[in-house]
Amino acid sequence: MAAVESVTRSQSARRPGADAWEIYRQSPTAMLGLVLVLLISVLAIIGPLVYPVDPFEIIWAPMSAPGTTERALLGTDYLGRDILAGLLVGAKATLIVGLTAAALTVIIGLVIGALAGFYLGMIDEILMRVTEFFQVLPPLLFAMVLVTMLSPSLWVVAVSIGVVSWPPTARLARAEFLRIRNLEYVTASRASGVRQGYIIWRVILPNALPPLIVSATLTIGTAILFEAGLSFLGLSDPNVMSWGLMIGSGREYMLDAWWIVTLPGVMIFFAVLGVSLVGDGLNDAFNPKLRRR
Amino acid sequence: MSVLKVDHLCVDYRSRAGHIRLVDDISFDIQPNKTLAIVGESGCGKSMTALAMMRLLPDGATITKGVITLEGDSLTDLPEAQMRDIRGASMSMIFQEPMTSLNPVFSVGEQIAEVLRLHTDLDKQQIREKVQALIRSVGISDAGQRSSAYPHELSGGMRQRIMIAMALACSPKVLIADEPTTALDVTVQAQIFSLLRDLQARTSTAIVLITHDMGVVAEMADDIIVMYAGRLAERGSVETVLSRPAHPYTRGLIDCVPHLQLGSNISHKSVTEIPGVVPALETIGAGCPFASRCGLSEERCEAAMPELSEVRPSHQVACWNYQET
């Protein structure tokens, strides 16, 4: 029995990623992060189906505290809209913005960093100056300008956040490419006659990926905070319910009805905590040698 | 008919600090089925010569003079795209560190398959069979299982075997082996060399073996060139050069090899070192670069670099004072 198991393990657990998962699994905080992220994803996906209440509809008396009415379990906001419905629908917006912005950050950062780090010389010089230009702009201010210039829709917010947050990813990707491009296996694969594109995307990129995955995960957290910040300032799509919008619109009633801002705030807290713990766990899993003891 | 010919090759390195000649006027040629050893200390330009042959010199280093011809075709002025078709197909290379010269994220079978996909028209099934055959041909049993292994799951000797399988996948005319066993245990080293000899006998590939180990040269090579500070010191057949070395540097290298004498009195005197260190390349003047470490050095050695002169047929040395032995 044990022999059978070891054979199947050696077949399936061979990929380098399998070891990383083993390490990841053993960290309680990383698993907690994963559970949080999964819970919020489940809320976002099936929550509105199970609890199909329109978060913009006025259903009860304004500013009812949680637990005071069966119509709205978590209370109502200053207009009498259901907070629970808002939290469930808002989860989707938050995740969409977080994931889109992080994906955009990684794509822009990776392409620029990879080209700069691989080709060096003039290309590197130009791309890095562009990166520095974006890096010195205050990100929140820059995102605000972008959102006000364009219409404040969910996608514009997501893209704006992506556009202001890629420079650190580009620098990370460039550093990884610089490190890996001179390693022996890159020379060895050039000696076997492969094309430059193959070297960049199939030889160097997979080896540069672990730190980039970690940074992408952490970027999701930052993007969620960013979205909340923009919504708080009234710069998000007023027609799409999001946690940031709930906080932003409820901020004037904070002292009279704590739940209007606190509940979405707690959700943001757990979402960001979740992705950050996942990011940390991935970091440890990919770099077991650097793990704190 | 020589398969590879290197003619007056010069490699220069340019940096902001200046301009250094890494390889200075090296010429040699190699026949099919023969092994040529390039010998010298670290930094003498032997690896640069190898990389120049593959046109894979690191940033800043370029071939500034000389011609490299593979089966009559010049490689030095070939466009990069055509050079890519040659690398891994007609000419391939194995490296010093088997631990780091395989891509850690792909299985070794996949990496061998990639070379076949690049240079042959085999279909998927044929490639899979060829990969297994190649892995078996380098002396690895259970090829099926090993081909799905990742590099970190294999030992150093095993990885070097995989590198050899990869290098020989397309039956190259020339195989450049850059210190292929330096990082391996002595027993594994012997296995790798006997494997290389077997494969050479089967494929009649010409091997350029880069090493600093005279023992390896005696065991493997037919011809030898000795390099010092980027220049050719001595050139000839292994029997002649090892038994009757003419250049004082070659003699020093041979004396450096410890001789194990079994028996009651193991002698410690048998190892002699060459005094001093290799001069920094930017400090070399007009004279012989070895002069400062040479016991026979005299005035003209400092003044001018000696030309290659014939000691006997197919044995040349660049030394003013070479002694016939």
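Modeller: Happy to. One term first: a residue is buried under 20% relative accessible area, exposed over 50% and partly exposed in between, with a 1.4 Å probe and protein chains only. This is a predicted model, where local features need pLDDT of at least 70 and side-chain atom pairs count only at pLDDT 80 or more, while totals for chains, interfaces and linings use all residues. Residues are numbered from 1 along each chain as its sequence is written, chains are lettered from A and ligands numbered from 1 in the order in which they are written, and side-chain values use heavy atoms, without hydrogens and water.

Colleague: Thanks! How many helices and strands are there in chain A?

Modeller: Chain A has 12 helices and zero strands. Helices (H or I, at least four residues) and strands (E, at least two) are DSSP runs, numbered from the N terminus. The C-alpha atoms of chain A fill a box of roughly 75 × 60 × 35 Å along the principal axes.

Colleague: And what share of chain A is buried?

Modeller: Of its 293 residues, 46% count as buried. The accessible surface of chain A is about 14600 Å², with 69% of that belonging to carbon and sulfur atoms. Those areas come from the Shrake-Rupley method with a 1.4 Å probe, and for residues only the protein chains shown count as cover.

Colleague: Can we zoom in on one helix? Which residues of α5(A) are buried?

Modeller: They are Asp124(A), Leu127(A), Met128(A), Thr131(A) and Phe134(A). Down the axis of α5(A), these buried residues fall within an arc of 115°, so they line one face of the helix. The arc is that of the directions from the helix axis to the C-beta atoms. As background, an α-helix has 3.6 residues a turn, so residues three or four places apart point the same way.

Colleague: What do the buried residues of α5(A) pack against?

Modeller: Against α4 (83-119), α6 (139-149), α7 (154-165) and α8 (167-181) of chain A. Contact here means heavy atoms within 4.5 Å. On the face of α5(A) turned away from the buried side you'll find the exposed residues Met122(A), Phe133(A) and Val136(A).

Colleague: Which residues make the nonpolar surface patch of about 510 Å²?

Modeller: Val42(A), Ile45(A), Ile46(A), Leu49(A) and Val50(A) make that one. Patches are built from residues with over 30% relative accessible area and no salt bridge: like charges are joined within 9 Å, and nonpolar side chains (Val, Leu, Ile, Met, Phe, Trp, Tyr) within 5 Å. Val50(A) sits in helix α3 (residues 28-50) of chain A, and it counts as exposed because its relative accessible area is 66%.

Colleague: You mentioned salt bridges. How many are there over all chains?

Modeller: A search of the whole structure finds 20. A salt bridge is a side-chain nitrogen of Lys or Arg within 4 Å of a carboxyl oxygen of Asp or Glu. One of them joins Arg21(B) and Asp12(B), at 2.8 Å from N to O. Asp12(B) is buried at 3% relative accessible area, whereas Arg21(B) is partly exposed at 31%.

Colleague: New topic: Thr181(B). Buried or exposed?

Modeller: Buried, because its relative accessibility is 5%. Thr181(B) lies in the loop between β7 (174-178) and α7 (186-203) of chain B. Leaving out residues up to four places away in sequence, Thr181(B) touches Gln189(B), Ile192(B) and Phe193(B).

Colleague: Last one: what is the phi of His8(B)?

Modeller: Positive, about 50°, although His8(B) is not a glycine. Most residues other than glycine have a negative phi. His8(B) lies in strand β1 of chain B. Ser314(B) also has a positive phi, near 50°, and its place is the loop between β11 (309-312) and β12 (315-317) of chain B. Ser314(B) is exposed at 53% relative accessibility, while His8(B) is partly exposed at 45%.
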